[in-house]
Amino acid sequence: MSRKWMERLSPLVLLVLIVMLWELICRAFNVSEFIFPSPSAIWTKLLEFHSVIAQHAWRTFWVTMVGFAISIVVGVLLGFLIGSSRLAYTAIYPLMTAFNALPKAAFIPILVVWFGIGVGPAVLTAFLISFFPITVNIATGLATLEPELEDVLRVLGARRWDVLTKVGLPRSMPYFWGSLKVAITLAFVGTTVSEMTAANEGIGYLLISAGSSMQMGLAFAGLLVVGAMAMAMYELFSFVEKHTTAWAHRGSQNH
């Protein structure tokens with residue numbers, strides 16, 4: 001087997017080993033399902049409640065995608081502003097860093113007062129928790145444009161706007177796709193946390209309901225579905241990144 005195929009299959013092999021070890025520990029120590037369900041017990045609950053889980057998962061998915069779409073728009077625009085202006089960078093970046101340090105779960109009660117229980121708080125929580133990586137990466141890609149390259153372009157008659165849009169933004173694409181892979185996982189976290197306290201649908205609501213009825217297998221099945229959705233979106237962005245910014249990874253692909 002070639003090294004390339006080994007690298008591709010390594011996550012799957014590691015996952016299988018973890019699941020086998022997990023199942024072995026649960027069976028060897030006779031761990032109660034109410035404390036820590038085995039993979040087989042989780043799979044059983046997944047099949048038993050597949051229609052209910054699918055309904056809640058779809059709600060979590062589209063709500064997350066709405067919040068994530070807003071974060072892309074705001075993150076790109078704000079990142080472009082911060083990365084293209086030293087004054088904006090100095091003024092905005094410290095405030096953004098302080099805001100990002102605030103626990104987003106603390107905003108949920110406020111969002112419930114403003115928008116009520118339902119979609120609004122979940123969408124905004126997904127947005128608030130995921131726009132920061134996008135903003136930072138776009139700003140970094142623009143702010144780290146080589147001064148020598150910019151000087152050459154200026155000598156050739158390029159204006160500041162031309163440098164940013166025709167050189168800076170394309171150069172920021174690897175940063176952009178990298179930030180999306182991080183932000184999408186955070187968006188799912190934000191939606192699920194919000195649904196646990198401010199919704200009557202979604203995987204977060206399912207987790208609370210399953211926990212209150214001591215259905216730990218069902219709760220873990222819900223977590224499994226959220227992880228699968230996040231991983232699927234991560235792989236989608238990785239695929240697009242490899243096919244749109246191959247020039248940025250050319251050196252690493254030769255190994």
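## Salt bridges

A salt bridge here is a side-chain nitrogen of Lys or Arg within 4 Å of a carboxyl oxygen of Asp or Glu. With that in hand, let's look at this predicted model, which holds four salt bridges. One of them joins glutamate 195 to arginine 59, with the closest N and O atoms 3.3 Å apart. Glutamate 195 sits in helix 8 and arginine 59 in helix 3 (residues 50-84), so this pair ties together parts that are 136 residues apart in sequence. Both partners are hidden from the surface: glutamate 195 has a relative accessible area of 0% and is buried, while arginine 59, at 5% relative accessibility, counts as buried too.

Glutamate 241 and lysine 181 are both buried.

The bridge between arginine 27 and glutamate 23 has an N to O distance of 2.7 Å. These two residues share helix 1 (residues 3-28), where they are four residues apart, about one turn of the helix. Are the two partners buried or exposed? Arginine 27 counts as exposed because its relative accessibility is 62%, and over 50% is the cut-off for that class. Glutamate 23 counts as buried at 13%, since buried means under 20%.

Helix 8 spans residues 160-198 and includes threonine 192. Threonine 192 counts as buried, with 9% relative accessibility. What does threonine 192 touch, leaving aside its neighbours within four places in sequence? The contacts are Thr60, Gly204, Leu207 and Val226.

## Aromatic pairs

A pair of aromatic rings is described by the distance of the centres and the angle of the planes. The model holds twelve aromatic pairs. Among them is the tilted pair of phenylalanine 61 and phenylalanine 188, at 6.5 Å centre to centre and with 35 degrees between the planes. Because phenylalanine 61 lies in helix 3 and phenylalanine 188 in helix 8, the pair ties together parts that are 127 residues apart in sequence. Phenylalanine 61 counts as partly exposed at 23% relative accessibility, whereas phenylalanine 188 is buried at 1%.

Tyrosine 89 and tyrosine 93 make a stacked pair, with centres 5.0 Å apart and 10 degrees between the planes. Both belong to helix 4 (residues 86-101), four residues apart, so about one helical turn separates them. Tyrosine 89 is partly exposed at 36% relative accessibility, and tyrosine 93 is partly exposed at 24%. Elsewhere, Phe68, Phe176, Trp177 and Phe237 come together in one aromatic cluster.

## The second largest pocket

The second largest pocket has a volume of about 390 Å³. Helix 1, helix 2 (39-48) and helix 10 are the elements that give two or more residues to its lining. Which of the helices gives the largest share? Helix 10 does, with five residues.

Among the lining residues are Leu15, Trp22, Pro39, Trp43, Phe220 and Met231. By type, the lining of this pocket divides into eleven nonpolar residues, one polar and no charged. Gly227 is also part of the lining, and glycine counts as polar in this division.

Definitions and conventions
Residues are numbered from 1 along each chain as its sequence is written. This is a predicted model: local features need pLDDT of at least 70, side-chain atom pairs count only at pLDDT 80 or more; totals for chains, interfaces and linings use all residues. Side-chain values use heavy atoms; hydrogens and water are left out. Buried means under 20% relative accessible area, exposed over 50%, partly exposed in between (1.4 Å probe, protein chains only). Contact means heavy atoms within 4.5 Å. On a 1 Å grid over the protein atoms alone, a cavity is a set of points where a 1.4 Å probe fits but cannot get out, and a pocket is an open set with protein on both sides within 12 Å along at least five of seven lines; lining residues have an atom within 4 Å of a point. Grid points are joined across faces, edges and corners, and a volume is the space filled by probe spheres set on the points. Rings of Phe, Tyr and Trp (its six-membered ring) pair if their centres lie within 6.5 Å; planes under 30 degrees apart count as stacked, over 60 as edge-to-face and the rest as tilted.
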